[in-house]
Amino acid sequence: MTEKRANSRIRLLLVGFGLLFAVLFLCAFRLQVVNASRYSAMANSQHRQTQTIAAGRGTIFDRTGVELALGEQTTTVYADPQQVRNPVLVAEQAHTFFGDDANELYPELMNKKSQFVYLQRFADPTLAAKFLK
């Protein structure tokens, strides 16, 4: 009797694991196949969306009121090589405005596998505005 009871418990356990596996498989199937386009669109919007952050960094003071760190606005000029249509012109303009080496910048702008290249970090805001026009 105990051997039959043990076999029925094992079968019941196997059926339970089988049902659990089936439920997990159906959940994964729903995520990967049924709702794939919706989640793909959400991911693209999250990765390619530009958000403006209005809050600036504040000044940090020590306990006596002396400024330790100042919150200064800086401008960074960058390019997406996949969207650059004329890398030679962009490299030459970056050299003209920021003093970058055009020969080093050109191969980076030609690399279509990359999506981000710094043209100038901590750029003068007026030069950056002129460069972007």
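**View 1. Phe116 touches Tyr78, Ala79 and Pro81, not counting residues up to four places away in sequence.** Contact means heavy atoms within 4.5 Å. This is a predicted model: local features need pLDDT of at least 70, side-chain atom pairs count only at pLDDT 80 or more, and totals for chains, interfaces and linings use all residues. Residues are numbered from 1 along each chain as its sequence is written, and side-chain values use heavy atoms, leaving out hydrogens and water. Phe116 is found in the loop between H4 and S4. (Helices, H or I with at least four residues, and strands, E with at least two, are DSSP runs numbered from the N terminus.) Along the chain, Phe116 and Tyr78 are 38 residues apart, yet their C-alpha atoms are separated by 6.8 Å. (Buried means under 20% relative accessible area, exposed over 50%, and partly exposed in between, with a 1.4 Å probe and protein chains only.)

**View 2. Aromatic rings pair up in this structure, with 5 aromatic pairs in total.** Tyr78 and Phe116 form a stacked pair, with 5.0 Å from centre to centre and 25° between the planes. This pair links distant parts of the chain: Tyr78 belongs to strand S3 (residues 75-79), while Phe116 lies in the loop between helix H4 (102-110) and strand S4 (117-123). (Rings of Phe, Tyr and Trp, the last by its six-membered ring, pair if their centres lie within 6.5 Å; planes under 30 degrees apart are stacked, over 60 edge-to-face, and the rest tilted.) Which residues do ring pairs link into a cluster? They are Tyr78, Phe116 and Tyr118.

View 3. Set aside neighbours within four places in sequence: Asp80 is then in contact with Ser114 and Gln115. By the same rule, Ser114 is in contact with Asp80, Pro81 and Gln82. Asp80 has 17% relative accessibility, so Asp80 counts as buried.

**View 4. Helices H3 and H5 pack against each other.** Their axes lie 10 Å apart, and the packing angle is about 155°. That angle is why H3 counts as roughly antiparallel to H5. The crossing of H3 and H5 is right-handed. On the H3 side, Val90, Gln93, Ala94, Phe97 and Phe98 make the contact; on the H5 side, Leu127, Ala128, Lys130 and Phe131 do. (Axes are lines fitted to C-alpha atoms, for helices over the stretch in contact, and angles run from 0 to 180 degrees between N-to-C directions. Under 35 degrees is roughly parallel, over 145 roughly antiparallel, 65 to 115 roughly perpendicular, and the rest oblique. A crossing is left-handed if the near helix is turned anticlockwise from the far one by less than a right angle, and right-handed if clockwise.)

**View 5. Residues of H3 meet residues of H4.** These helices pack at an angle of about 145°, with their axes 9 Å apart. Their crossing is right-handed. From H3 come Pro87, Val88, Val90, Ala91, Glu92, Ala94 and His95. From H4 come Ala102, Leu105, Tyr106, Leu109 and Met110.

**View 6. Two arginines sit over tyrosine rings.** The charged end of Arg38 is placed over the ring of Tyr39, 4.8 Å from its centre. Arg121 lies over the face of Tyr118, at 4.6 Å from the ring centre. (A charge sits over a ring if NZ of Lys or CZ of Arg is within 6 Å of the ring centre and within 35 degrees of the ring normal.)

**View 7. Phe122 has a positive phi.** Most residues other than glycine have a negative phi. What is the phi of Phe122? The angle is about 55°, although Phe122 is not a glycine. Phe122 has its place in strand S4. With 60% relative accessibility, Phe122 counts as exposed.

**View 8. Met42 lies in helix H2 (residues 36-48).** Its relative accessible area is 38%, so Met42 is partly exposed. Met42 and Pro87 are 45 residues apart in sequence. In space, 31 Å separates them, C-alpha to C-alpha.
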